[in-house]
Amino acid sequence: MDLTHYPRIRCGHWPTPLEPMLNLSSELGGPALWVKRDDCTGLSTGGNKTRKLEYLLADALAKGADTVITQGAVQSNHARQTAALCAKLKLTCHILLEDRTGFKDEAYRLSGNVLLDRLHGASVSSRPAGANMQTEMESFAETLKAAGKKPYVIPGGGSNPLGALGYVNAALELTYQMNEMGLKATHLVLATGSAGTHAGLIAGLKILNSPLKVIGFGVRAPKEKQEQMVYDLACKTAAMLGHEGAVQREDVFADCNYVGAGYGLPTEGMVEAVKMLAEIEGLLFDPVYTGKGLSGLIDWVRHGRFTKDDTVIFLHTGGSAALFGYPETFGLEGYTT
């Protein structure tokens, strides 16, 4: 496959580390567990959206844009990384945040990613839960055009075929690392939400004829809807690269039993997983995506859904800044002296 046809701004720290989680493997007594550290991409505390934005903002510049509009939930990692790269490229950034959780506390509304959005100079405005965010962005874009601006609209999560190319590239990177290390992994596990990361990985791995099985743990949508979103986007992404038909429906799997009450709403499993990895591996995961993905991984290991001969890589998509929006969730409000 040839990714060079599409312009790209190289702003991340590549390759991101691929590391064993020896303590977690020992604690669970299960398969060998590794972590692909896409929390170390280098852009405003890191995260997976950097890979997508390298292609999306290159496209924005190629089209003469001076302004970027995107959207997400209040504690959106995508919004934070978009704001950061826009600052670096001297593009005006407007972020529309949907109130998906209903949380009203100050930490959630003003700290974490929201604080960083504003620190990077982005304008931030709110929309109610259930708003058609694509329509909201397009309407705002028309207003900016009328004022003489040249806006570029990025979908939530950067999840379109162009953005997904970032994770086709990640599939290449991971495959090279595994070959260099002699690592024969059997599964790649990730949290799946807006579908771009999941879809890009599947498209890339299928084009490479990799035997790695991809397992997504859903953080928002029901299983059927999540899998269909990933499949549709993976097919479009592979087709962009001249590999139409490379992805089959059975290549896409999402376990959506760890969402809990809804997107961004804490679960006991998420809290346990985030605390466990912080305490035994020194790694920080977020409460919305990776924490729930980890809770699924841990539960699968405990119930024998991986064998001891398996080697499982967890994709760490970043987002630890969101922890500061959930201070009471982890029971750590008080301090002792």
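**Note on the predicted model: strands, cores and selected residues**

1. The model is a predicted one, in which local features need pLDDT of at least 70 and side-chain atom pairs count only at pLDDT 80 or more, whereas totals for chains, interfaces and linings use all residues. Residues are numbered from 1 along each chain as its sequence is written, and side-chain values use heavy atoms, with hydrogens and water left out.

2. Strand β1 (residues 18–20) pairs with β2 in the antiparallel sense over three bridges; two strands are taken to pair if DSSP finds at least two bridges between them, and strands (E, at least two residues) and helices (H or I, at least four residues) are DSSP runs numbered from the N terminus. Strand β2 itself (residues 32–37) is mostly covered, with five of its six residues buried, where buried means under 20% relative accessible area, exposed means over 50%, and partly exposed lies in between (1.4 Å probe, protein chains only).

3. With strand β10 (residues 311–316), β2 pairs in the parallel sense over six bridges. Within this pairing, Ala-32 stands opposite Thr-311, and Leu-33 stands opposite Val-312. β10 is also paired in the parallel sense with strand β7 (residues 187–192), over three bridges, and there Leu-188 has Ile-313 as its bridge partner.

4. How many of the six residues of β10 are buried? Six of the six are, so the strand is largely enclosed by the rest of the structure. In a regular strand the side chains alternate between the two faces of the sheet. In β10, Thr-311, Ile-313 and Leu-315 point one way, while Val-312, Phe-314 and His-316 point the other way, and all are buried.

5. The largest nonpolar core has 93 residues, and those with the most contacts inside it are Leu-57, Leu-277, Leu-297 and Ile-313; such a core is a set of buried Ala, Val, Leu, Ile, Met, Phe, Trp, Tyr and Cys residues joined through side-chain atoms within 4.5 Å. Helix α7 (residues 161–181) supplies the largest share of this core, namely eight residues. Apart from it lies another core, of seven residues, among them Met-133, Met-137, Ala-141 and Leu-144.

6. Leaving aside its neighbours within four places in sequence, Leu-297 is in contact (heavy atoms within 4.5 Å) with Leu-33, Val-189, Phe-217, Phe-306, Val-312 and Phe-314.

7. Beyond four places in sequence, the contacts of Glu-173 are with Trp-14, Pro-15, Thr-16, Lys-36 and Arg-51.

8. Ala-164 likewise has its place in helix α7, and at 0% relative accessibility Ala-164 counts as buried. Neighbours within four places in sequence aside, Ala-164 is in contact with Gly-158, Gly-196, Gly-200 and Thr-237.

9. An open sheet of four strands has the order β5-β4-β3-β6, with parallel pairing. β5 (123–127) and β6 (151–153) stand at the edges, each with a single partner strand, so one side of each is left without a neighbour in the sheet. In this sheet, strand β3 (residues 67–73) is joined to strand β4 (residues 92–98) by seven bridges, the two running parallel, and Thr-67 has Thr-92 in β4 as its bridge partner.

10. Which cysteines, if any, form disulfides? A search of the whole structure finds zero disulfides, a disulfide being a pair of cysteine sulfur atoms within 2.5 Å. For Cys-40, the nearest cysteine sulfur, that of Cys-11, is 15 Å away, and Cys-40 counts as partly exposed at 27% relative accessibility. For Cys-256, the nearest cysteine sulfur, that of Cys-235, is 18 Å away, and Cys-256 counts as buried at 16% relative accessibility.
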